[in-house]
Amino acid sequence: MSEQIRIGKVKVKTVLTKSNLPIAGYSVNPYIGCTHACKYCYACFMKRFTGHAEPWGTFLDVKYWDAIRNPQKYDGQTMIVGSVTDAYNPQEEQFCRTRAFLEEMQGSKINLIITTKSDLVLRDLDLIKNFPSPLVSWSVNTLDEKFKDDMDRAVSVGRRIAAMKKFHKEGIRTTCFISPIFPQITNVFAIIEKIKDFCDYIWLENLNLRGNFKAEIMDYIANKYADLMPLYREIYNKNDDTYWKILDREVAEYAAENGFLYVVDKEPFLRNPTGKPIIINYFYHSKIKQSAKKKEALQGVKAGNGGEEEKT
Ligand code: SF4
């Protein structure tokens, strides 16, 4: 990593933020910022609330919070760890704030969800296993390591998949979050074929281009995938959703032919009647997410905790 990362330290009252996200009652972000620096990061809007002028990916504030007393109070609540940061960014190895949270919550019966692009989460397998029905999700939107390297600074796709395999072997539920799907670049079917034997859920989410990163992504496509520019212009300048409708149909056909349950916009933890991963399509979630974003950002500001919302 060539760029210097500015590390800060912040004291917050709590690391738990009440969430309006459809999948969780609380979000848990032990850091502000994320050094994986994904070019398409939806969480970069956070900078508006935390007073960071530096580019996203070049700063990280390490959170220290008051001890969580009586973690059993949260029994039955769903907590998503890493909604606007990656709780297993490389700096977690040094600061261990995610591990501290998991230690504090030991003995509780929370529904734990961890989303990451890292295999550092393997370090905490011992703690994660103690929760009643944990779920760990890895974002994988390509099998092409070069494209991955162009998009983020997280560990290789190969390492993410190896970690997924290990967790699955240990009896922990796993998700492959195919997100964001880049039109004509992300090969959804190749990814499914690669991970289907050690994965419980496959969540699909389309690339949304909003905010500051739209220009950067469009420039990238123009430079590296010039032949795709007409398609990207249709989708992202003219709001044409034909590509997603076709992909939806193709996934439905693939699922029917191969015995997968395929659902659209359903809750993420459906029981699985097939013995194969359930494929859940969230292509049409952007409206839900945007309203959640506004509400949760406001809540975060009120709590003096930085606005917090869902990321990829
Ligand atoms: S998309 Fe996720 S992993 Fe990537 S920079 Fe944003 S918060 Fe970090």
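How many bridges join β9 to strand β10 (residues 201-206)? Five bridges join these two strands, which run parallel; helices (H or I, at least four residues) and strands (E, at least two) are DSSP runs numbered from the N terminus. This is a predicted model, in which local features need pLDDT of at least 70, side-chain atom pairs count only at pLDDT 80 or more, and totals for chains, interfaces and linings use all residues. Residues are numbered from 1 along each chain as its sequence is written.

**Confidence**
- The protein chain averages a pLDDT (the predictor's confidence in each residue, from 0 to 100) of 88, and 87% of the residues score at least 70.
- Over residues 287-310 the pLDDT stays under 50.
- Where pLDDT is low, the predicted coordinates should not be read in detail.

**Strands around β9**
- Strand β9 (residues 173-181) also pairs with strand β8 (residues 135-139), in the parallel sense and over five bridges, where pairing requires that DSSP finds at least two bridges between two strands.
- Ser137 stands opposite Thr175 in β9, while Ile181 has Asn206 in β10 as its bridge partner.
- Eight of the nine residues of β9 are buried, which is to say that 20 or more other C-beta atoms, placed from the backbone, lie within 10 Å of their own.

Methods. Two residues are in contact if their C-beta atoms, placed from the backbone, lie within 7 Å. A residue is buried if 20 or more other C-beta atoms lie within 10 Å of its own, exposed if 12 or fewer, and partly exposed in between; C-beta atoms are placed from the backbone.
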